[in-house]
Structure formats: structure tokens, C-alpha cells
Amino acid sequence: MQQRIEELDALRGLMLVWITCTHLPTILSIYVNQPLGFFSAAEGFIFLSALFTGRIYFRVAERDGNRAMWGKLWMRTGKLYCYQLLLLAFAFVIEAPIAAHGNTPAVHNLLDFYFSAGRTRAFIDAALMVYRPPLLDILPVYIILLGLTPLALFLGERFGWKYALTGGFTLWLFAQLGFRSFVYHVQSRAFGLQIPLNEMGAFDLWAWQLWWLVGLWFGVRWAKDDVRLNWVKQVTIPAAIVAAFFLILRYAQVAGVLTFGKSGFLVDKWDFGVARMIDFTAVAVLAIRFRSALRPLSIRPLVMLGQSSLPVFCVHLLCVFFALNIMKSDPVIRDWKAIVVILASLSALLLTAKIATHRRAKAGRNRASNPGLLPPPATGYEQGLATEKIA
């Protein structure tokens, strides 16, 4: 049975560092925001999370049946939802009073709807995942996608993945044509929805679900040992050309030499434009082709971060809120303060990963010392089930 691939854990850990450095309001965020082209860590994190989910839970269904798979996935979804509630409580109970009485306009802007709608309504809407404050809007998307995963796995295996992927592509295509706004107006008329669309999260669920489905599909194929990578060598040169093309476009845009205008939807992050999928795929092909060159990245700190991605992701948000408080009314944190904030945040992530790793090791020793508590034989990835996350 294939064990954990530490390069993938390290890759997720690297993405967590990338996400943290992008979200922290320091001068560094300018340089780490989409540095390799028109894609961010979010695409990679969502794809890898779906990949692991498809592989793990397909094997659970094979071993224990669909009912067990549904139950474990929904337990996982419930755990993620509890994390979201804790983050909301931190934002509303701790950060909101600071923003209301202090000189922290950045935090105040993040919680605009909270202040306009009131504490009770804001928390209810946020608990229902209708209100998704900035920075706290990706986890609800992940929760919804994970909650629907049992259905996707069941339908994909029962009727064929080509139908599931076709349906996902159709929804993605509708999303590019403004389906989210259409659904919002229908909900507003039917249910009296009283929340601005921009307060319902930046990520368009109707678009991003396709990327999740693609990751699930690859994960299922991986579980079946049906992933063939011989074609990668044949498309290396075209992939390199595509990656270089988008990289040039990206820095031409940053330099102000190029503006996309009406074509901007092709590279739009929130609606997951088609150019982002093409760019990410090209870079992924190059990463697979030259995997041996990336192995030195599999250092222990990054591996631990990747294996403890959910708690690390949540701690990164706490670090970002803390940094926003320090920033006060400045546009960005600079100089020695920026260095301190970055180092302190990365240290907090690593400490969180170490604690989570220690807890997993302790739980493993307890199970080993009490054979009656041992579960059925598990795959390497099932042993690390708690390492899944979004991006």
C-alpha cells in the first residue's frame, strides 16, 4: 500500500506559507501575490484537498460501504463548521469591539456588514454561511463542497464521472455568465434576502465547484491506481510555453503595461476564469515532470505544516487579524515591523503544526498500547485524515 507522499504534504505546507505572506498586510504581500502567473495558492490548495478527499473516501466506501463514507465525510464537515464558528466568534467578539473603539479602519472595513446589520443578525447570517466576511469566506465554500462530496462520489461511481464533470462544467460556464447574481436576485425575491451580494463572500461557489470535482475525480483514479503520467513528457514543451506566456502577461499587468479590460473575466480569481485553469495546469505539468528538482522542498517544517493544514490555516487568520490591528490606519506594514510580523506569524504556524503533530503521535501511541481501540487497517492517507484543508 502506498504511504504518504511527503512532497505533497510539503507542497501544502508551502502553500500555507504562501497564503499567510499574501494575507499579511506587509510590503511582502505585493511580491508574493500570484508571482508565478495567473493563479494563487487557493487553486492548488483546493485541488489538493479534493484530491486527498477523493482518494481517502473512495477507499472508505470500498472498504466499509457508502453509508460509512457518508458518515465520515459529514463528521469531517461538521468539524470544519465548528472551526468556522470559532473564527466567527473571534472576529465578532474580540475584533469587532477593537474596530469599533480603536483606530483600525482595515478591521472595520472587513466587518462592515456586522456594524450595519447588528451583532445578532450578523452572527445568524454568518452561522448560516450566508454572510461570509472577507478572510473568512473561503472556509464556508470548502464546507459546502465537502458536505456535497458524498453525493458527488456516489453519482460519479454510479453513473460515471463524465456526467458529473459535465454537470460541473455546465455550472462553471453559467457562473462565467453571471449565474451567481441571478441566483442572488431570485433568493432576494423569494426569501426576502437582505444582505448585499458582496458580503456573501468573494469566491463564486458555482465556479469553484468545478475545480473541486476535478480534484475528486483525480483522487478516485489515484485510489484505483488508474493515474497514468506518461503523457507528461509529451506535453512538457507546450506546457512550458503556456506557463511562460501567462507569466509574461502577469508581470506586464503588474507593471501597468497591459490591462485586460473586458477580457478580465478570463483571469478573474473569484469567478475562476478559464485562463487560471490553463495556467495552473501548465505549471502543474512542469512540476510533475521535474518532480525530482522539487524534492529538496520536502523539509520537515513544511511537511508538518501540510499535515496540520486545518489548524494552521485557522491560526494564520488570527495572525492576519493581529497584523491588521498593528497596521492601524497605515496602508501597509513596513520596515522592521513587517519583519517582526512575518517571522512571528510563521513561528505561530510552525508551533501550531508541532502541537498538532505531537497530538497525533500521542493518539497513535495510545491506540497501539490498547489493541481494543485499533480501527480497521487504514491507508497512509487515512492515517492522516485530519490533515485535509482548504485553501
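A crossing of two helices is left-handed if the near helix is turned anticlockwise from the far one by less than a right angle. In this predicted model, helix H9 passes helix H11 in such a left-handed crossing. H9 spans residues 161-176 and H11 residues 205-223. The two pack at an angle of about 160°, and their axes lie 7 Å apart. Angles over 145 degrees count as roughly antiparallel, and H9 and H11 are therefore roughly antiparallel to each other.

From H9, the contact is made by Trp161, Ala164, Leu165, Gly168, Phe169, Leu171, Trp172, Ala175 and Gln176. H11 contributes Trp206, Ala207, Gln209, Leu210, Leu213, Val214, Leu216, Trp217 and Val220. By class, 15 residues of this contact are nonpolar and three are polar.

The largest nonpolar core has 103 residues. Those touching the most other members are Phe92, Leu111, Tyr131, Trp211, Trp212, Leu305 and Leu324. Helix H3 (residues 41-64) supplies the largest share of this core, with 14 residues. For Phe92, neighbours within four places in sequence were left aside. Phe92 is then in contact with Pro97, Leu111, Tyr114, Ala122, Phe123, Ala126, Tyr131 and Pro133.

Burial was also examined for helix H16, residues 300-307. Six of its eight residues are buried, so H16 is largely enclosed by the rest of the structure. The buried residues are Leu302, Val303, Met304, Leu305, Gly306 and Gln307. Leu305 of H16 is also one of the core residues that touch the most other members.

Terms used
Residues are numbered from 1 along each chain as its sequence is written. This is a predicted model: local features need pLDDT of at least 70, side-chain atom pairs count only at pLDDT 80 or more; totals for chains, interfaces and linings use all residues. Side-chain values use heavy atoms; hydrogens and water are left out. Buried means under 20% relative accessible area, exposed over 50%, partly exposed in between (1.4 Å probe, protein chains only). Helices (H or I, at least four residues) and strands (E, at least two) are DSSP runs, numbered from the N terminus. Axes are lines fitted to C-alpha atoms, for helices over the stretch in contact, and angles run from 0 to 180 degrees between N-to-C directions. Angles under 35 degrees count as roughly parallel, over 145 as roughly antiparallel, 65 to 115 as roughly perpendicular and the rest as oblique. Contact means heavy atoms within 4.5 Å. Ala, Val, Leu, Ile, Met, Phe, Trp, Tyr, Cys and Pro count as nonpolar, Asp, Glu, Lys and Arg as charged, and the others, Gly among them, as polar. A nonpolar core is a set of buried Ala, Val, Leu, Ile, Met, Phe, Trp, Tyr and Cys residues joined through side-chain atoms within 4.5 Å.
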